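Please review the structure shown below.

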Amino acid sequence: MSALLEVSGLTTRFDTRAGLLKAVEDVSFSVAEGEIIGLVGESGSGKSVTGFSILGLVDPPGRIVSGSVKLNGRELVGLGHDALRSMRGREIAMVFQDPSATLNPVLTIGRQMRLAILAHERMSEQAASDRCIEVLATVGIPDAARRLENYPHQFSGGMRQRVAIAIALLNRPKLIICDEPTTALDVSIQAQILTEMKSLAARLGTAMIWISHDLATVSSVASRLLVMYAGRLIEAGPVADVLRSPRHPYARGLLNSLPGLAKPGHDLVQIPGSMPSLIDMPEGCAFRPRCGFADAACAAMPTLSASGPRSVRCHHPLGQLAEAGAPQS
Amino acid sequence: MDPTSPFARFWDEFRRNRVAVAALGVVLAIMLLALAAPLISPQDPYDLANLVLMDARRPPGHVGSKGFTHWLGTDAQGRDLLSAILYGLRISIQIGIIAGSIAFVLGATLGAFAAYFGGRIEALIMRIIDLQLSFPAILLALVLAALLGQGKWPLIAALVTAQYAYFARTAHGAASTERSKDYVDAALSTPLAARRVVFRHILPNCLPPLIVVATVQIANSIALEATLSFLGLGLPVTEPSLGMLIANGFQYMLSGRYWISIYPGVALIVLIVAINLVGDQVRDQINPRLRR
Amino acid sequence: MLGFIIQRLMQACVVMLVISVLVFVGVYAVGNPIDVLISPDATQLIREQTIKAYGLDQPLWKQYLDFLNRLVRGDFGRSFVFNMPVLELIFQKLPATLELTLLAVLGATLLGVPLGIYAGYRPDSAASKAIMAISILGFSVPTFWIGLVLIFTFAVTLGWLPAGSRGETASLFGIQWSFLTANGLMHLFLPALNLSLFKFAMMVRLARAGTRETMLTDTVKFARAAGLSEWTILRRHVLRLIAIPIVTVFGLELGSTLAFAVVTETIFSWPGIGKLIIDSISTLDRPVMVAYLMLVAFLFIVINLSVDIAYAALDPRLRTRRAA
């Protein structure tokens with residue numbers, strides 16, 4: 001299966017007053033058709049900016065400094081304004097975190113959905129409304145025809161997000177980037193939306209990049225996991241493998257600190273320290289100050305070395321990777 | 001100065017806008033000039049004994065009968081225009097600041113008061129404020145000035161009445177928002193007196209929007225006073241403010257003696273525009289929604 | 001929606017009533033009603049007749065009812081200066097002010113909002129900075145000064161346009177309007193320009209601020225991610241969102257513009273109600289002052305009501321809350 005999306009060496013930086021902020025550094029991965037990959041990391045790890053960079057939605061003072069993003073072989077970085085616009089929503093769509101912020105409160109959802117359709121295809125308003133009703137039904141909104149004329153505030157939080165997802169699906173994109181889509185929802189609704197999206201993706205053959213800080217949700221949806229830290233990709237591999245035996249000390253620390261794994265009666269495990277500022281990054285491995293396994297070798301930035309489907313960016317990876325594998329990037 | 005204090009950070013960002021800094025410089029320079037008016041003007045324009053009718057309506061540069069040069073000419077009564085402008089600026093700034101300050105204190109207290117007490121008192125006060133806000137300031141000031149007659153204090157009263165409502169509404173809005181925030185409940189649950197909570201916690205957080213309103217209102221005060229004086233409703237003829245000078249010179253403009261109106265006008269404009277430029281920069285910096 | 005409108009209408013009536021009480025108290029109880037109603041140089045006979053006619057020797061509450069009665073019938077007394085019923089006088093002068101104000105307001109909005117949106121969309125462009133500079137001038141410089149400069153430049157120095165007074169009028173619906181004649185338009189141009197500058201500046205700044213804020217929201221980002229063109233985003237999302245504060249301020253400023261017409265009419269000797277009130281203040285023509293106050297109050301209440309209704313029409317979130 002050829003890759004649907006091929007990201008290589010993506011580097012996005014922000015020219016702020018306080019200094020040069022290196023949000024995304026040298027990130028490479030690929031997404032196959034119909035595949036769901038999870039992009040995890042804490043706040044500030046660069047996962048959201050990666051998503052925006054793929055769509056060319058990085059606002060100034062940020063810009064893509066180098067790297068390439070290829071959709072079906074077509075280069076997206078540096079693409080002209082019109083070409084980018086026609087690609088957005090049609091070939092790659094995006095769902096944001098808070099639907100009450102992404103949906104315009106003074107327009108009916110029908111109007112907003114029709115705008116998304118008419119941005120790419122010419123058709124009568126009736127035909128557009130028909131398609132809206134069809135997609136709304138797909139995402140599980142009952143009485144869709146009537147609800148088209150409702151305003152966002154007339155929907156519950158979970159329903160609003162379904163509407164946002166529906167908008168993303170309107171033009172049958174091949175890839176949907178989901179930036180924390182369930183974080184703002186109630187826990188009970190979260191599980192619902194998760195399963196629905198997974199089955200939707202399988203049914204329609206849509207690929208997904210699921211961005212989140214929550215390992216639990218990502219692992220129930222994705223088949224492959226990518227872990228980011230301080231703007232770089234530090235570990236990648238099939239979900240089950242990474243969760244069972246993480247190679248990077250940060251990933252291991254992340255898993256250990258999950259409350260679900262906590263042993264009763266013991267303190268919750270934490271990774272000491274906090275993520276470095278993306279403006280003032282230290283030399284060498286970014287995780288070094290917090291890593292229990294660091295030594296002199298870690299003063300140099302490790303490369304991403306692969307072994308089969310797994311890769312890790314570490315001088316002292318945990319587990320068997322220490323013997324095998326050739327540097328990948 | 002502590003480099004991380006809020007004021008230091010504010011000043012740092014302010015400094016980057018060269019236009020605003022220049023405007024601030026202009027405002028300070030004008031205030032200094034106005035303060036020193038009695039010392040530096042060649043003539044006291046309020047002393048009627050000083051005026052010589054023969055010197056009236058002379059063009060800029062004319063050497064008067066008292067022996068000194070009228071750099072900006074003279075007006076219809078023989079007043080040296082430069083002196084009149086300096087004194088006029090003095091009065092304008094004085095009135096602008098006094099009226100603005102009283103309106104600030106009165107309005108902010110009323111608004112915070114209303115927010116603190118809540119219930120029917122709050123509803124009543126805010127309804128009155130809303131009603132008054134829908135009346136344009138100039139109309140209010142006009143009517144009051146007409147009713148109260150001429151003079152400095154009636155004018156200030158009129159200006160305060162026209163403006164306190166803006167402060168009241170802003171203070172009420174800010175205080176209400178703060179009142180409902182969790183930190184207030186937390187503070188109130190401690191043994192601290194309620195009044196202390198209001199003064200040390202709520203009020204400082206209400207200051208930014210109030211400062212924004214204040215910057216707009218000071219310039220407005222000055223413009224409003226000038227307008228009222230122009231219409232003949234402000235200060236008495238013996239204490240001419242810039243507005244009155246402009247009014248007096250209006251008729252002469254059509255016959256070519258432009259300086260009597262134009263120079264006071266320029267002085268007024270420079271002052272107001274400078275204050276507004278500074279205010280703009282302050283506003284942009286304080287607005288949290290423009291932070292990226 | 002209907003319930004909302006009715007509720008607002010009733011509130012408006014209450015406010016009118018309150019204002020009528022205030023004016024009554026201010027004029028009849030505090031001030032000397034005799035001075036308000038009777039010209040100082042009226043004879044003793046006329047004085048007594050007027051006192052009888054207006055019931056000035058009656059108890060206060062009865063006087064108030066008479067006052068209300070007269071108000072509803074439109075009897076505001078007679079002007080001392082013009083010696084004609086005040087209401088008639090005001091209606092005579094009203095068209096002049098109306099055409100001036102409406103022209104100024106329309107011009108300011110139709111020009112100011114698009115320019116402001118552009119300035120907010122491209123805040124760092126040279127054009128945007130120029131627009132903002134002009135708006136600062138229009139905003140800070142007092143109206144009377146701009147009027148002066150306009151007269152000096154266009155009338156005195158260049159001689160292109162007349163320096164004041166209204167031009168020739170033509171009739172429409174039985175009322176004399178000057179915008180229907182070429183000569184009238186020439187006379188209308190400078191005062192309308194003068195009056196519109198403040199509002200223009202305000203519209204520009206408002207549109208710019210609103211656009212700038214809206215462009216940074218997730219709503220716009222989501223719309224971009226869905227592939228909407230920038231033009232569509234501006235037209236369908238941004239415009240709709242900034243319409244709310246703009247309409248609110250438009251309504252408030254409409255009243256303010258009407259009030260500022262006072263200054264413009266004075267400078268340009270424009271025979272409208274603005275000039276009327278200034279003249280009345282200086283000649284102490286009190287019946288006119290009273291009538292002007294009541295009329296202006298009424299106008300403001302109508303404007304406020306319209307703004308409230310428009311607000312609810314534009315922001316659907318308000319409709320359900322109010323009706324509940």
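Over all chains of this predicted model, the count comes to 15 salt bridges, a salt bridge being a side-chain nitrogen of Lys or Arg within 4 Å of a carboxyl oxygen of Asp or Glu. Because the model is predicted, local features need pLDDT of at least 70 and side-chain atom pairs count only at pLDDT 80 or more, whereas totals for chains, interfaces and linings use all residues; side-chain values use heavy atoms, with hydrogens and water left out. Residues are numbered from 1 along each chain as its sequence is written, while chains are lettered from A and ligands numbered from 1 in the order in which they are written.

**Salt bridges**

- A:Lys47 and A:Glu180 form a salt bridge through their side chains, at 3.8 Å from N to O. A:Lys47 belongs to helix α1 (residues 47-55) of chain A and A:Glu180 to the loop between β7 and α8 (187-204), so the pair ties together parts that are 133 residues apart in sequence. Both A:Lys47 and A:Glu180 are buried (under 20% relative accessible area; exposed is over 50% and partly exposed lies in between, with a 1.4 Å probe and protein chains only).
- A salt bridge of 2.5 Å, N to O, joins the side chains of A:Glu196 and A:Arg162. This pair links distant parts of the chain, with A:Glu196 in helix α8 and A:Arg162 in helix α7 of chain A, 34 residues apart. A:Glu196 is partly exposed at a relative accessible area of 29%, whereas A:Arg162 is buried at 7%.
- In chain C, the closest N and O atoms of the salt bridge between C:Asp279 and C:Lys275 are 3.3 Å apart. These two residues lie in helix α11 (residues 273-283) of chain C, four residues apart, about one turn of the helix. C:Asp279 is partly exposed at 34% relative accessibility, and C:Lys275 is partly exposed at 25%.
- A network of salt bridges links A:Arg13, A:Glu25 and A:Arg232.

**Architecture of chain A**

- Chain A has eleven helices and 13 strands, taken as DSSP runs numbered from the N terminus (helices H or I, at least four residues; strands E, at least two). Its radius of gyration, taken over C-alpha atoms, is 21 Å, close to the 20 Å that the globule rule gives for 329 residues, so chain A is as compact as a globular protein of that length; the rule is 2.2 Å times the number of residues to the power 0.38.
- Buried residues make up 52% of the 329 residues in chain A.
- A:Pro173 lies in the loop between α7 (157-169) and β7 (175-179) of chain A and is buried at 6% relative accessibility. Beyond its neighbours within four places in sequence, A:Pro173 is in contact with residues including A:Gly89, A:Ala168 and A:Thr206 (contact means heavy atoms within 4.5 Å).

**Interface of chain B and chain C**

- Contacts involve 38 residues of chain B and 35 residues of chain C.
- The area buried between chain B and chain C is about 3300 Å², of which carbon and sulfur atoms give 81%; buried area is the accessible area (1.4 Å probe) that two parts lose on being put together, summed over both.
- Across the interface of chain B and chain C, the rule finds zero salt bridges.
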